[in-house]
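This briefing is intended for a reader who is meeting the structure for the first time.

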2 protein chains.
Amino acid sequence: MRLDKMAQSMGVPETHFHPFGPGRAKIDPRYLETFSPPSFGREPSPLYVLVTGMTPTPLGEGKTTTSIGLSMALNRLGTRTVVTIRQPSMGPVFGIKGGGAGGGKSTIEPSDVLNLHLTGDVHAVGAAHNLLASAIDNEIHHGNRLEINPLTVGWPRVVDLNDRALRKVIVGLGGAANGSPRETRFDITVSSEVMAILALSTSYGDLIDRLGDIGFGLSRDGRLLKARDLEVEGAMAAVLREGFWPNLMSTSEGTPAIVHGSPFANIAHGNSSIIGDWVGLSGSDCVVTEAGFGADLGGEKFFDIKCRALGRGPDVAVLVATAKSLRMHGGLADTVAGRPIPEILDKSDVPSVRQGMQNLLRQISNVRRFHVPVVVAINAHPGDSPEEWNVIRDLSMEGGAEDAIVCTHFRDGGAGALELAERVREVCRLKKASYRPLYPDDLPVEEKIRTVAREMYGARDVTFSPKAKKSLADIERYGAAGFPVCIAKTWASLSHDPSQKGAPSDFLFPVEEIRYATGARFVTAIAGDIQTMPGLPSRPAYRRIRLTSGGNVEGVS
Amino acid sequence: MRLDKMAQSMGVPETHFHPFGPGRAKIDPRYLETFSPPSFGREPSPLYVLVTGMTPTPLGEGKTTTSIGLSMALNRLGTRTVVTIRQPSMGPVFGIKGGGAGGGKSTIEPSDVLNLHLTGDVHAVGAAHNLLASAIDNEIHHGNRLEINPLTVGWPRVVDLNDRALRKVIVGLGGAANGSPRETRFDITVSSEVMAILALSTSYGDLIDRLGDIGFGLSRDGRLLKARDLEVEGAMAAVLREGFWPNLMSTSEGTPAIVHGSPFANIAHGNSSIIGDWVGLSGSDCVVTEAGFGADLGGEKFFDIKCRALGRGPDVAVLVATAKSLRMHGGLADTVAGRPIPEILDKSDVPSVRQGMQNLLRQISNVRRFHVPVVVAINAHPGDSPEEWNVIRDLSMEGGAEDAIVCTHFRDGGAGALELAERVREVCRLKKASYRPLYPDDLPVEEKIRTVAREMYGARDVTFSPKAKKSLADIERYGAAGFPVCIAKTWASLSHDPSQKGAPSDFLFPVEEIRYATGARFVTAIAGDIQTMPGLPSRPAYRRIRLTSGGNVEGVS
């Protein structure tokens with residue numbers, strides 16, 4: 001379907017549909033008149049489906065592919081469905097991971113456009129972010145009427161690339177004309193609080209307020225200083241004017257995909273934008289949205305951060321798993337960065353799948369703590385055996401899943417996810433979800449962290465470093481007592497230790513640092529070494545990417 | 001006129017016209033089949049008009065406004081005309097200067113879109129540039145098989161903002177995992193060699209070659225290392241795939257404007273893209289293009305760098321002047337940064353205009369050295385007197401201009417530049433330009449620099465610092481003997497000293513540094529303190545910029 005027809009079918013007025021280059025468009029959301037969750041004024045209320053996953057492995061479980069395949073299958077069944085996903089960062093595209101356009105016969109097209117710039121939203125976020133950074137140093141340089149204490153400035157600069165040399169830098173060298181020397185860092189753009197804000201805002205007014213609320217440091221007498229104090233939030237919002245418009249693209253079967261927002265799933269909340277989901281919910285029967293990393297990370301943040309701001313929860317959660325990744329969680333073999341994936345992982349191995357199911361079972365119970373039913377999607381691989389699938393299905397259903405369905409959408413497109421789609425519709429109809437966040441707003445932040453660590457990760461308790469404790473004492477100053485928490489930990493384990501596969505328990509979860517995102521309105525608790533600026537590998541993907549002299553991109557998918 | 005109709009009238013196939021958001025589109029230039037200057041296969045050959053100017057002042061002479069107004073007037077006269085200008089950088093938009101969309105009734109619309117991102121080309125250039133920077137440090141980090149000597153790496157990083165704290169930085173701090181500490185700098189994106197390459201390339205093949213040719217440093221044994229050695233030029237080109245497509249917008253009178261490329265006019269060559277001009281020349285009767293800063297800077301580089309690559313010169317040059325700026329060059333009053341402009345400059349003062357004409361006369365003779373006829377455009381201001389205009393006209397014509405025409409396009413739009421347009425057409429018809437660059441390709445680079453300094457700037461001779469002399473000895477290593485020179489000096493004077501107004505002479509022009517742009521294929525000679533990363537002022541423009549809650553940008557024009 002052409003994008004304009006697609007938008008029309010979603011109730012987008014012609015005046016609010018704007019092509020932004022071949023294969024992509026933006027929807028100016030100002031035709032949406034009132035923010036009225038949970039049904040957004042619709043009867044029957046549109047279905048809302050979360051796609052989340054087991055604890056990820058370097059093998060790839062196919063969460064994006066499943067989100068796309070499921071949405072295409074639902075459309076085949078006559079349920080008008082929009083899939084909403086995050087926009088990929090260019091960093092991993094040139095690094096190691098490849099793109100974020102799905103795979104096989106379940107993709108978003110054109111994939112090179114999706115993976116390179118798309119419509120420039122990430123660049124716009126970077127420009128808004130760096131404008132604040134420049135304004136801070138400019139204020140210090142020009143008399144510092146705000147009395148910024150330079151040692152307290154926590155606002156980094158950003159770039160949408162992997163660049164390890166920028167992790168720790170000294171700026172302002174070269175004499176007085178260049179400002180004052182100061183140690184700071186560059187993060188990758190998608191980890192910026194501005195990206196989280198873009199993804200969480202429900203209107204321009206909300207966006208402007210949140211940008212103004214960004215706290216960048218303290219004054220010499222200890223007051224929290226905000227972007228508003230520099231009178232820069234208006235210009236930041238102007239830079240983001242069109243970045244706030246959700247991007248519309250097409251799946252490989254011509255159904256609608258909204259690609260908007262790309263916050264990290266550790267340091268930020270890891271979910272596509274609220275405004276994108278709202279556009280989808282307002283103009284379709286169903287929105288399928290994907291959360292980053294496992295159900296303990298992007299999934300938990302979907303429920304505790306995004307759904308809080310969106311004002312509703314999902315009707316069902318689809319948990320993506322593969323036999324191959326379960327084999328790895330079950331201890332069959334491990335991967336080593338830079339080495340080929342052990343071939344043994346490609347072959348059926350029922351005992352290790354059974355062992356690895358500990359991980360999936362914990363993630364099933366994690367989702368169920370939000371009072372939402374779970375359907376497991378078994379993303380089939382050629383080496384899988386029916387015995388493995390039976391183990392996964394039986395144990396999943398014992399563990400509280402409604403069902404576990406084998407899908408072949410990678411090979412077969414939407415046709416390979418029809419059974420999953422039918423089951424998802426059925427569960428929505430029969431099992432009334434009664435979404436509830438994990439903790440109430442008024443629980444002390446320390447207890448919020450403890451609740452997530454215990455109930456999601458399986459920790460015995462949480463330890464707070466002296467630095468974290470000191471920061472926690474500042475909650476009132478940041479006005480953060482009522483904020484949800486956003487825990488930054490490894491994606492590779494339910495615990496804070498990436499080597500712990502399966503379902504670790506009885507460990508102490510070490511919170512080393514607390515940061516306040518006063519614009520995004522969450523408290524970030526950092527456990528372990530969270531890299532906010534990835535590096536490039538020794539054999540970087542950029543070497544394989546080229547433009548032909550005819551103007552076609554090769555090596556990006 | 002709607003942009004799609006506009007493109008159609010320019011012979012752009014429907015398949016190669018792509019809207020990129022409200023009020024802007026891109027033209028995929030792959031329908032242009034052969035690069036065949038000077039007439040690009042057309043009969044009669046399309047007219048090609050350069051708009052350049054007297055030595056600029058902080059008062060603003062209205063070069064962009066005149067380019068737009070003249071193009072609208074030509075269209076009114078039935079000459080189908082496209083205006084081609086550079087895209088503004090966001091740095092000055094948030095700093096002090098305001099935007100680059102023209103002014104009064106001669107503008108490009110929507111001006112906020114033009115001034116903020118447009119279609120993201122500058123961001124794409126920044127990403128391609130920074131990808132190379134990251135690849136360099138990554139190579140050093142991962143074994144350095146290329147034997148890069150880190151002390152010779154001259155490739156900075158870039159950001160499209162004014163940010164003085166980034167002028168000199170140390171990167172790679174924080175231990176071995178973050179690479180090796182190294183002193184480097186950030187420039188503003190538009191000063192990047194990648195931007196110059198984008199603006200000079202005639203095809204994807206040319207773009208890829210030039211990117212591969214970028215020299216970023218030397219090996220331990222003194223070999224020049226290029227982007228190609230890192231196998232990164234293909235990914236850089238992929239990032240620039242759509243950035244290479246010229247942007248189409250509309251003037252305030254609905255005539256076509258191509259806005260593409262934004263190289264600096266000191267450190268780079270300061271002219272809009274060749275591919276944009278080619279699209280214009282292929283589909284209209286006339287292209288009016290603007291060069292940055294005065295005729296000695298962007299003008300000279302237009303002739304010696306852009307026209308060399310384009311394969312043709314202009315039929316006529318329009319030299320923009322104002323009585324007000326001539327009063328200042330004549331010594332009536334000077335401006336001081338951060339202080340209001342002296343009111344005395346607003347009132348007619350024939351003696352100081354007569355004195356200031358020295359500047360305009362030098363610029364007239366500068367353009368005539370390229371064997372191109374000159375028409376002076378007197379951009380009228382309310383305080384001007386007819387006596388002043390008479391002085392300007394009489395002296396201009398004595399000095400070799402074909403005419404000097406008073407224009408009121410700022411107040412009246414195209415109607416205010418009809419006489420100028422008529423005169424421009426007439427000169428094209430009657431005076432055959434015979435464009436010739438200032439120096440031959442095979443003149444030694446040192447002599448090329450000397451030729452420009454003597455013949456354009458009025459210098460008695462050129463001095464080379466020891467550092468510059470040392471670099472000049474490396475010409476063969478850089479394969480740069482046949483390159484044109486790109487001289488970076490202040491825009492505020494014909495000399496290297498911004499305080500020297502009028503037409504200084506008998507001075508020594510001090511070249512302090514030589515850089516080789518092996519991808520852009522020019523040799524940059526730096527004289528004086530050329531800032532490649534501007535700072536923000538004490539009362540930055542971003543404070544006045546805001547987004548309304550209804551989603552409209554205010555304070556950008």
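In strand β23 of chain B, T524(B) is the bridge partner of R515(B). The model is a predicted one. The strands β22(B) and β23(B), the latter spanning residues 522–526, pair in the antiparallel sense over five bridges.

**The three-stranded sheet of chain B**

- Strands of chain B form an open sheet of three, in the order β20-β23-β22 and with mixed pairing.
- The edges are held by β20 (485–488) and β22 (513–517) of chain B; each has a single partner strand, so one side of each is left without a neighbour in the sheet.
- On average, neighbouring strands of this sheet are turned by 25° against each other, direction ignored.
- Helix α10 of chain B, residues 295–310, lies across β20 and β23 of chain B and runs at about 170° to β20(B).
- Helix α16 of chain B, residues 445–457, lies across β20, β22 and β23 of chain B, and its direction is at about 55° to β20(B).

**The three-stranded sheet of chain A**

- In chain A, an open sheet of three strands has the order β20-β23-β22, with mixed pairing.
- Its edge strands are β20 (485–488) and β22 (513–517) of chain A, each of which pairs on one side only.
- From one strand to the next, the twist averages 25°.
- Strand β20(A) pairs with β23 of chain A (residues 522–526) in the parallel sense, over four bridges.
- Within that strand, β23(A), the residue A525(A) is the bridge partner of I487(A).
- Helix α10 of chain A (residues 295–310) lies across β20 and β23 of chain A, at about 170° to β20(A).

**A hairpin in chain B**

- Strands β11 (residues 215–218) and β12 (residues 224–226) of chain B pair in the antiparallel sense over three bridges.
- The bridge partner of G217(B) in β12(B) is L225(B).
- The hairpin of β11(B) and β12(B) has five residues between the strands, and G222(B) takes a positive phi near 85° there.

**Helix packing in chain A**

- Two packed helices are described by the angle between their axes and the distance between the axes.
- In chain A, the axes of helix α2 (residues 63–76) and helix α15 (residues 418–430) come within 8 Å and cross at roughly 75°.
- From α2(A), the residues T66(A), L70(A), A73(A), L74(A) and R76(A) meet L418(A), L420(A), A421(A), V424(A) and R425(A) of α15(A).
- The residues of this contact of α2(A) with α15(A) divide into seven nonpolar, one polar and two charged.

**The interface of chains A and B**

- The size of an interface is often given as the accessible area lost when the parts come together.
- Between chain B and chain A, the buried area is about 5800 Å², and carbon and sulfur atoms give 62% of it.
- In chain B, the residues that lose the most area to chain A are R164(B), Y542(B) and L547(B), together 11% of what that side buries.
- Chain B brings 74 residues to the contact and chain A brings 74 residues.
- Six salt bridges are found across the interface of chain B and chain A.
- A salt bridge joins R543(B) to E231(A), with the closest N and O atoms 4.0 Å apart.

**Salt bridges over the whole structure**

- Over all chains, the structure holds 86 salt bridges.
- One salt bridge is formed by E290(A) and K63(A), whose closest N and O atoms are 3.8 Å apart.
- E290(A) lies in strand β15 (residues 286–290) of chain A and K63(A) in helix α2 of chain A, so the pair ties together parts that are 227 residues apart in sequence.

**Backbone features in loops**

- Most residues other than glycine have a negative phi, and most peptide bonds are trans.
- E231(A), a residue other than glycine, has a positive phi near 55°.
- The loop that holds E231(A) is between β12 (224–226) and α8 (233–239) of chain A.
- The peptide bond from P37(A) to P38(A) is cis, with omega near 5°.
- P38(A) belongs to the loop between β2 (25–27) and β3 (47–53) of chain A.
- In chain B, E43(B) and P44(B) are joined by a cis peptide bond with omega of about 0°.
- P44(B) is placed in the loop between β2 (25–27) and β3 (47–53) of chain B.

Key
Residues numbered from 1 in each chain as written. Chains lettered and ligands numbered in written order. Predicted model: local features only at pLDDT ≥ 70, side-chain atom pairs only at ≥ 80, totals over all residues. Heavy atoms only, no water. Pairing = 2+ DSSP bridges. Helix = DSSP H or I, 4+ residues; strand = E, 2+ residues; numbered from the N terminus. Axes fitted to C-alpha atoms, helices over the stretch in contact; angles between N-to-C directions. Contact = heavy atoms within 4.5 Å. Nonpolar A, V, L, I, M, F, W, Y, C, P; charged D, E, K, R; others polar. Buried area = accessible area lost by both parts, 1.4 Å probe. Salt bridge = Lys/Arg side-chain N within 4 Å of Asp/Glu carboxyl O.
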